[in-house]
Amino acid sequence: MSGRGSAWALATGWALAVLCGGAWGLDGHCLAGGKHKAAPGPEGHLGICQLYAANACCSSKVAQEISSTPLDNIYWNRCGNLSPRCEQYLQRVECFYRCSPSAARWPHPQRPTAMLEVPLCLSFCEKWYTACQDDLTCAHNWVSDWQRGPQGNNCSQDCVSYHQMYRDGRELCANIWGDSFVAAPEPCPCLSLTASDADPELLPEDGDSAEEPDSTKVGGPRGPCPTSSLLWRGRGDRRKRSIFMEDVEGSGSGF
């Protein structure tokens, strides 16, 4: 069997293993610390985070906080109020981190309250970019580019549009929250932060160690899939900081 065929067979076997491994709604873990619950469980009313109510890692109080600003003294709108469409995407990302047990499938190796390279679908990233492209921001990396003080985060550079700050949705997802996310082109396993994420084929199985397909060959069977979309654990040292920092560095949110 050729190298490409072998890689594709491994990827197919991985997908079948995930399919039999259990659905997203059955995850039994939450990220450690912060405002996460010790274990996921049902919540009656989660407002804008209702997607995760059946098995949530957040309380209704935390979900309510996400719908108001500032959250943990971190302002999203230092360059003016965001458009409703843009703000909704930031809320969806925050709901995932706070409330979804799936977030614990991509733990940061150095910071237990953090996520590392969660694979967001490139189509989601592009829609996020379109929704925010005319809004203003003054930080390329919302983890490291702010000036932080008693009054929260403040701009360290001029306000520009998202369209000027990021060239496309891929760059937005890969940089706005440090190393927490990576854009994954379909059909790579990825998340869109919608109910479709309940499809177990989109999620890695805990402890799976299958090799990833060769992503360096243009026109390969699955295309350039990020490692994190194929293996649930991050590998090696990372130079960028995570969006979701431990409480000793801040609120544990980064927002």
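Q: Why is the disulfide of C121 and C190 called right-handed?
A: In this predicted model, the torsion about the S-S bond of C121 and C190 is about 90°, so the disulfide is right-handed. The pair ties together distant parts of the chain, 69 residues apart: C121 lies in strand β1 (residues 118–121), and C190 lies in the loop between β6 (181–184) and α7 (227–230).

Q: How do you know that C121 and C190 are joined by a disulfide?
A: The S to S distance of C121 and C190 is 2.1 Å. A disulfide requires sulfur atoms within 2.5 Å, so a pair that meets this cut-off counts as one.

Q: What makes C121 count as buried?
A: Buried means under 20% relative accessible area. C121 has 7% relative accessibility, so C121 counts as buried. C190, at 2%, also counts as buried.

Q: Why is the disulfide of C125 and C173 called left-handed?
A: The torsion about the S-S bond of C125 and C173 is about -110°, so the disulfide is left-handed. C125 sits in helix α4 and C173 in helix α6 (residues 169–175), 48 residues apart.

Q: What makes the disulfide of C86 and C132 right-handed?
A: Its torsion about the S-S bond is about 100°, so the disulfide of C86 and C132 is right-handed. This pair links helix α3 (residues 84–99), which holds C86, to helix α4 (residues 122–132), which holds C132.

Q: Why does C86 count as buried?
A: The cut-off is under 20%. C86 has 0% relative accessibility, so C86 counts as buried.

Note on methods
Residues are numbered from 1 along each chain as its sequence is written. This is a predicted model: local features need pLDDT of at least 70, side-chain atom pairs count only at pLDDT 80 or more; totals for chains, interfaces and linings use all residues. Side-chain values use heavy atoms; hydrogens and water are left out. Helices (H or I, at least four residues) and strands (E, at least two) are DSSP runs, numbered from the N terminus. Buried means under 20% relative accessible area, exposed over 50%, partly exposed in between (1.4 Å probe, protein chains only).
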